[in-house]
Amino acid sequence: MTEIREKAWAKLNISLDVAGKREDGYHDMLMVMQTVSLCDEVTVTLDESGRVRARSNLRFIPGDERNLAVRAANAFFAHCGVENMGAHIKMQKRIPVGAGMAGGSSDAAAVLRALNVLCKTGLSCAQLEMIAAEIGSDVAFCVSGGTQLASGRGEILSALPPMPDCEVVVCKPDFSVSTPELFRRLDAVKLRCHPDTQGIIELLSEGDLPKIARRMYNVFEDVPDRRHNEIAGIKSAMLDGGALGAVMTGTGSAVFGLYDDAAAARKTFDALCREWRSTAMAKIMPRIEV
């Protein structure tokens, strides 16, 4: 086998908390993270070119080392001692770019899973996550996804009871948010509220979707930004449309709502589509077996 196709699932933050800034310049995070069925399609083909390159349906996405998928392949080859091997990575992007949904990280994780099969290296999930942690903070989570608690930079992972099944509506406004800029603004403000992370974990054990949805919270929504008015408007539209809860994911700008009523989710999706083109419906995804 020289070619394999992998799905790269989008990530959502059920909760996102920042405990403080670390000496290494990163921040200590505490997040309940969940993969959903919105995904990119990643095809990896091995060759003897000795180099890794990538291309996608979006022309502005780089195909060199600036792309996390390329870095993932190079890191995998280096870790496994694979020499004189090349790879061509083709990505069909469906996850909105700059949305806080880990599209690039998920592509990188898909490349690691694909190469593990193509190269017959038999690396465990933990070993793939170790490589992934060197590439980007969200890549380790995206290796297996599902419902997990992420801490540290996001690379320290603990599996959680699965999120109850529900309908998900995701909407990204027509702007992206600079993650480094948002962290700089976060450092300049005093956070007033924090998510009830432990409460969410306990409710996951109980499978209580309405109470989980009501406790969803993202501290980045407290960082002053005039564009948050548009994010608040999307949240209001979701809640008015019957969402059990709605919150921004990651550093934004995408917002998602959870629904226990498929008809209400579809109606909200149709309404949001008329104003924001990057709107999608999705389902909760289980953990990937690596």
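Helices, at least four residues long, and strands, at least two, are DSSP runs numbered from the N terminus. In this predicted model, Ser 106 has its place in helix α2. The report begins with the protein as a whole and then turns to its helix packing, its strands and two individual residues.

**Overall architecture**

The protein contains nine helices and 11 strands. Its radius of gyration is 19 Å, close to the 19 Å that the globule rule gives for 290 residues, so the protein is as compact as a globular protein of that length. The C-alpha trace spans about 55 × 45 × 40 Å along the principal axes. Of the 290 residues, 55% are buried. Among contacts with a separation of 6 or more, 75% are accounted for by residues 24 or more positions apart.

**Packing of helices α1 and α2**

Two packed helices are described by the angle between their axes and the distance between the axes. For helix α1 (residues 68-80) and helix α2 (residues 103-118), the angle is about 35 degrees and the axes lie 8 Å apart. The crossing of these two helices is right-handed. On the α1 side, the contact is made by Leu 68, Ala 69, Ala 72, Ala 73, Phe 76 and Phe 77. Their counterparts in α2 are Gly 104, Ser 105, Asp 107, Ala 108, Val 111, Leu 112, Leu 115 and Asn 116. By class, the residues of this contact comprise 10 nonpolar, three polar and one charged.

Leaving aside residues up to four places away in sequence, Ser 106 touches Ala 8, Trp 9 and Cys 142.

Met 1 lies in the segment before β1 (3-21). Its relative accessibility is 66%, and the threshold for exposed is over 50%, so Met 1 counts as exposed. With residues up to four places away in sequence again left out, Met 1 touches Val 117 and Leu 118.

**Strand pairing**

An open sheet is formed by four strands in the order β9-β10-β7-β11, with antiparallel pairing. Strands β9 (245-248) and β11 (278-283) stand at the edges with a single partner strand each, so one side of each is left without a neighbour in the sheet. From one strand to the next, the twist averages 20 degrees. Helix α9 (residues 262-273) lies across β7, β10 and β11, and runs at about 165 degrees to β11.

| Strand pair | Residues | Bridges | Bridge partners |
|---|---|---|---|
| β5 and β6 | 147-152 and 156-159 | four bridges | Gln 148 and Ala 159 |
| β7 and β10 | 167-172 and 255-259 | five bridges | Cys 171 and Val 255 |

The pair β7 and β10 belongs to the four-strand sheet. Strands β5 and β6 form a hairpin with three residues between the strands, and in this hairpin Gly 154 takes a positive phi near 120 degrees.

Technical notes
Residues are numbered from 1 along each chain as its sequence is written. This is a predicted model: local features need pLDDT of at least 70, side-chain atom pairs count only at pLDDT 80 or more; totals for chains, interfaces and linings use all residues. Side-chain values use heavy atoms; hydrogens and water are left out. Axes are lines fitted to C-alpha atoms, for helices over the stretch in contact, and angles run from 0 to 180 degrees between N-to-C directions. A crossing is left-handed if the near helix is turned anticlockwise from the far one by less than a right angle, and right-handed if clockwise. Contact means heavy atoms within 4.5 Å. Ala, Val, Leu, Ile, Met, Phe, Trp, Tyr, Cys and Pro count as nonpolar, Asp, Glu, Lys and Arg as charged, and the others, Gly among them, as polar. Two strands pair if DSSP finds at least two bridges between them. The radius of gyration is taken over C-alpha atoms; the globule rule is 2.2 Å times the number of residues to the power 0.38. Buried means under 20% relative accessible area, exposed over 50%, partly exposed in between (1.4 Å probe, protein chains only).
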